[in-house]
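Here is a short briefing for a first look at this protein chain. Keep the sequence and the 3D view open while reading.

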Amino acid sequence: MKSRWIGLSLLLFTFSCSNRNTPENVAEDFVYNYYLHADQEAALLLSHSLAKEKLKAEIERLRGVRGQNGALEEQQPQIKYERLGKKVEDNHQIFFRYRLTIKNAGTSDARRNAVILTELIDGKWKVVNFDEYSE
């Protein structure tokens, strides 16, 4: 019985220490934090260059509408996403394209596309730019 707990503990430790420093994981984590949870602070930790500047400016603009705990005061729309593609520019820059489906209460679904550019900087993958556009 004791060996089962040790094995389970080892398995959980392995999963918790998995390497998130890949372009796919960084792009996915960025989309999850920025689009799904409107958490610019968490997305900022994954960012560099122009993406970091955009997020800092957005955080400053939203300072007045966020509550005491940093959460947006209004109800957030429900957002789903799927990765549509990946384009490798070189070994240090990779683009990802996502489709966002946004559902606001009482309205029809809206669709947007997001483009995330990741780059390898000092051994870490970072989001260096992001943009979105209508379908």
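Helices (H or I, at least four residues) and strands (E, at least two) are DSSP runs, numbered from the N terminus. E119, for one, sits in strand β3. This is a predicted model, in which local features need pLDDT of at least 70 and side-chain atom pairs count only at pLDDT 80 or more, while totals for chains, interfaces and linings use all residues. Residues are numbered from 1 along each chain as its sequence is written, and side-chain values use heavy atoms, with hydrogens and water left out.

**Overall layout**

- The protein chain has 4 helices and 4 strands.
- From the N terminus on, the order of elements is α-α-α-α-β-β-β-β.
- The protein chain has 135 residues, and 30% of them count as buried. Buried means under 20% relative accessible area, exposed over 50%, and partly exposed in between (1.4 Å probe, protein chains only).
- Contact means heavy atoms within 4.5 Å. Take the contacts in the protein chain between residues at least 6 apart in sequence: 41% of these join residues at least 24 apart.

**Strand pairing**

- Two strands pair if DSSP finds at least two bridges between them.
- β2 and β3 run antiparallel and are joined by 10 bridges. Here I94 stands opposite T118 in β3.
- The hairpin of β2 and β3 has 6 residues between the strands, and G106 takes a positive phi near 80° there.
- β3 and β4 also run antiparallel, with 10 bridges joining them. A114 has E132 in β4 as its bridge partner.
- The hairpin of β3 and β4 has 2 residues between the strands. In its turn, D122 has a positive phi of about 50°.

**The nonpolar core**

- A nonpolar core is a set of buried Ala, Val, Leu, Ile, Met, Phe, Trp, Tyr and Cys residues joined through side-chain atoms within 4.5 Å.
- The largest one has 23 residues. Those with the most contacts inside it are F30, Y34, Y35, L55, Y98, I116 and F130.
- Two or more residues come from each of α2 (23-36), α3 (40-44), α4 (49-62), β2 (93-103), β3 (110-121) and β4 (124-134).
- α2 gives the most to this core, with 6 residues.
- Leaving out residues up to four places away in sequence, F130 touches F30, Y34, Y35, A51, K54, L55, V115 and I116.

**Aromatic rings**

- Rings of Phe, Tyr and Trp (its six-membered ring) pair if their centres lie within 6.5 Å; planes under 30 degrees apart count as stacked, over 60 as edge-to-face and the rest as tilted.
- This rule gives 5 aromatic pairs.
- F30 and Y34 form a stacked pair, at 5.5 Å centre to centre with 20° between the planes. They are 4 residues apart in helix α2, so about one helical turn separates them.
- F30 is buried at 0% relative accessible area. Y34 is buried as well, at 12%.
- Y34 and Y35 form an edge-to-face pair, with 4.8 Å centre to centre and 85° between the planes. Y35 is buried too, with a relative accessible area of 8%.
- Ring pairs link F30, Y34, Y35 and F130 into a cluster.
- K54 lies over the face of F130, at 4.9 Å from the ring centre. A charge sits over a ring if NZ of Lys or CZ of Arg is within 6 Å of the ring centre and within 35 degrees of the ring normal.

**S47, between two helices**

- S47 lies in the loop between α3 and α4.
- Is S47 buried or exposed? S47 is buried, with a relative accessible area of 2%.
- Its contacts, apart from neighbours within four places in sequence, are F30, K52, L55, K126 and V127.
- A polar atom of the S47 side chain lies 2.7 Å from the backbone oxygen of A43.

- E119 counts as partly exposed, at 24% relative accessibility.
- Which residues does E119 touch, not counting those up to four places away in sequence? They are H92, Q93, K124, W125, K126 and V128.
- E119 and E89 are 30 residues apart in sequence. In space they are 9.8 Å apart, C-alpha to C-alpha.

Conventions. A polar contact is a pair of N or O atoms within 3.5 Å; within protein, one must be able to donate a hydrogen and the other to accept it, and residues adjacent in sequence count only if both atoms are side-chain atoms.
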